[in-house]
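Here's a walk through how two chains sit together and how the pieces inside each one pack. Keep the viewer open as you read.

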2 protein chains.
Amino acid sequence: MIDPSVPVAPLSAPEPTDRRAAYFVSDSTGITAETLGNALLANFPTIAFVRHTVPFVDTEQGARAVVAEIDAAADAGLEPLVFTTVKQAALRSILSSARAVGIDLLAGHLTELESALGTTASEQLGQYHGVGDMTRYLNRMRAVEYAIEHDDGQSMRALDIADVVIIAPSRCGKTPTTMYLALQYGLLVANYPLTDDDFPTEGLPRAVAPYRERCFGLTTTPLRLSQVRHERRPGSRYASLAQCTLELRRAEDLYRRQRVPFLNSATKSVEEMSAVIMQTMKLRGA
Amino acid sequence: MIDPSVPVAPLSAPEPTDRRAAYFVSDSTGITAETLGNALLANFPTIAFVRHTVPFVDTEQGARAVVAEIDAAADAGLEPLVFTTVKQAALRSILSSARAVGIDLLAGHLTELESALGTTASEQLGQYHGVGDMTRYLNRMRAVEYAIEHDDGQSMRALDIADVVIIAPSRCGKTPTTMYLALQYGLLVANYPLTDDDFPTEGLPRAVAPYRERCFGLTTTPLRLSQVRHERRPGSRYASLAQCTLELRRAEDLYRRQRVPFLNSATKSVEEMSAVIMQTMKLRGA
């Protein structure tokens with residue numbers, strides 16, 4: 001997310017001068033390899049990385065196919081980097097034969113852990129998706145359905161079991177944050193829009209007032225809100241800077257008056273907002 | 001997720017014999033530290049880990065507070081392990097003073113990369129949340145809203161722009177998978193329930209038939225489906241093993257007849273299902 005007060009593409013931004021291929025290879029979904037790999041690559045802004053995620057590399061045949069792909073990139077002069085989170089030693093060994101720089105995100109740490117714990121790592125794969133996952137799955141399914149039912153103040157039913165109620169003016173990021181908290185942590189999250197109608201009164205909107213201590217507010221900058229609203233209704237009064245400024249000021253006044261914790265979503269990703277909400281409301285994943 | 005054909009708690013499962021504290025410490029959301037840390041710990045099933053995620057450790061004061069917490073766990077005899085993804089060297093140095101085994105998930109690889117790329121890592125923090133994130137945010141917001149609107153066949157509007165249409169009998173995992181694809185990858189995903197009414201005909205349900213090549217089917221095992229349905233409507237015909245067996249057989253027949261790719265969700269997490277769908281449908285994150 002961008003702070004709208006800062007030009008998005010400063011003239012002084014370094015121009016990538018070099019092109020390299022980057023592979024994220026995993027025996028599972030590839031999400032961890034991709035996330036950590038990207039976090040590492042972000043430290044080298046002068047290089048343009050051509051990224052490839054290769055999930056489910058869990059057979060020797062699969063590993064050999066990836067090696068062929070990586071070697072083709074090497075032949076094309078892209079000097080590949082290969083980030084791996086592959087558990088089986090036999091597959092890691094095949095992958096390491098590629099003409100590329102290999103960064104093993106798992107194996108080295110496993111050795112560190114073995115020595116710290118004074119025991120050897122179990123070779124049983126898939127341990128992580130074992131007992132307890134059925135419960136986790138049911139929790140997440142229930143949480144996502146709860147989030148859909150309670151999105152944008154649609155239903156006030158069962159608000160008493162909500163772990164948190166996110167309140168904010170339209171387009172401040174309530175819906176994606178709600179869904180992320182439900183999916184990632186299995187939390188029951190409702191959200192409620194603050195509209196012009198809610199401000200003549202002193203207190204919180206009637207529907208959410210009984211749950212004040214579970215409310216969390218979002219705000220943003222007027223400029224960013226106006227940009228996001230223009231995406232939905234270009235040129236409308238709803239998207240005007242004046243209207244956005246007014247609604248945000250009223251919302252922040254309300255949060256302060258009602259002692260509702262809140263955060264500014266303008267420079268934060270959905271993941272960051274979710275983590276702040278968890279921390280502030282002292283919530284743990286279900 | 002569990003394979004229902006396998007007992008969930010086999011008598012031979014190793015009993016944890018040891019208790020250790022595990023901290024996942026991050027200067028951001030902590031998700032990467034937690035995911036990779038848990039993947040590593042899963043290899044040591046005989047040890048019971050007491051887990052703590054500490055996000056947003058981005059000041060010296062914050063780092064010192066974590067050290068105090070870790071040292072308290074050490075005093076309690078929990079011999080802490082500390083997994084970190086903290087970028088600033090000054091903070092890493094404070095964290096390393098804790099009386100614990102430190103596993104740095106980032107710093108070592110940064111050194112490997114510097115030598116592979118022949119350049120030094122930029123000290124500019126927060127690069128990763130830079131240009132492009134506004135677009136990503138808008139894509140995800142749009143995708144989540146699309147998913148909510150098109151959940152469970154609620155709306156057939158704008159199905160022509162769907163990246164994928166997930167079809168399956170009730171409770172096979174359509175909704176959480178849809179939402180995950182929307183949030184994680186910004187894809188436009190609709191889902192449509194296969195009900196008894198859909199089976200007398202030969203082809204796909206009328207609403208989704210025009211989009212056959214974008215359809216993806218889910219199935220599961222009768223036993224698991226019955227378990228999940230009993231959670232919703234205990235003792236109903238809808239949850240009976242006979243009804244579940246029938247619906248799944250019909251759905252799989254339909255997928256095969258219509259050449260709709262499908263997967264069995266019984267032993268897969270939402271993340272895994274999403275990655276398989278992306279790979280099969282040749283989709284890339286938006």
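Predicted model: local features only at pLDDT ≥ 70, side-chain atom pairs only at ≥ 80, totals over all residues.

Two copies of a chain are related by a rotation about an axis and a shift along it. The same surface serves both copies, since 100% of the contact residues of chain B recur in chain A.

How many residues does the contact take from chain B and from chain A? It takes 61 residues from chain B and 61 residues from chain A. On the chain B side, α1 (31–41), β4 (101–104), α4 (107–117), α5 (133–149), α6 (174–185) and α9 (270–280) each supply at least two residues. Of these, α5(B) gives the most, with nine residues. Sorted by class, the side of chain B that touches chain A has 38 nonpolar, 15 polar and eight charged residues.

**The sheets**

Strands of a sheet pair through backbone hydrogen bonds, either parallel or antiparallel. In chain A, four strands make an open sheet in the order β6-β5-β7-β8, and the pairing is parallel. Its edge strands are β6 (189–193) and β8 (262–264) of chain A, each pairing on one side only. On average, neighbouring strands of this sheet are turned by 25 degrees against each other, direction ignored. Strand β5 (residues 164–168) of chain A pairs with β6(A) in the parallel sense over five bridges; in β6(A), A:Val189 is the bridge partner of A:Val164.

Over in chain B, four strands also form an open sheet with parallel pairing, in the order β6-β5-β7-β8. The edges there are β6 (189–194) and β8 (262–264) of chain B. Three bridges join β5 (residues 164–169) of chain B to β7 (residues 215–219) of chain B, and these strands run parallel. If you want a pair to click on, B:Val165 has B:Cys215 in β7(B) as its bridge partner.

Helices lie across these sheets too. In chain A, α6(A) lies across β5, β6 and β7 (215–219), running at about 175 degrees to β6(A). In chain B, α8 (residues 241–257) lies across β5, β6, β7 and β8, at about 150 degrees to β7(B).

**Helix on helix**

Two packed helices are described by the angle between their axes and the distance between the axes.

| Helix pair | Angle | Axes apart |
|---|---|---|
| α7 (222–232) and α8 (241–257) of chain A | about 120 degrees | 8 Å |
| α6 (174–185) and α9 (270–280) of chain A | about 70 degrees | 9 Å |

By class, the contact of α6(A) with α9(A) has eight nonpolar, three polar and one charged residues.

As for the other pair, α7(A) and α8(A) are oblique to each other, and their crossing is right-handed. A:Pro222, A:Leu223, A:Leu225, A:Ser226 and A:Arg229 in α7(A) meet A:Leu241, A:Cys244, A:Thr245 and A:Leu248 in α8(A). That contact has six nonpolar, two polar and one charged residues.

Notes: Residues numbered from 1 in each chain as written. Chains lettered and ligands numbered in written order. Axes fitted to C-alpha atoms, helices over the stretch in contact; angles between N-to-C directions. Parallel < 35°, antiparallel > 145°, perpendicular 65-115°, else oblique. Left-handed = near helix turned anticlockwise from the far one by under 90°. Contact = placed C-beta atoms within 7 Å. Nonpolar A, V, L, I, M, F, W, Y, C, P; charged D, E, K, R; others polar. Pairing = 2+ DSSP bridges.
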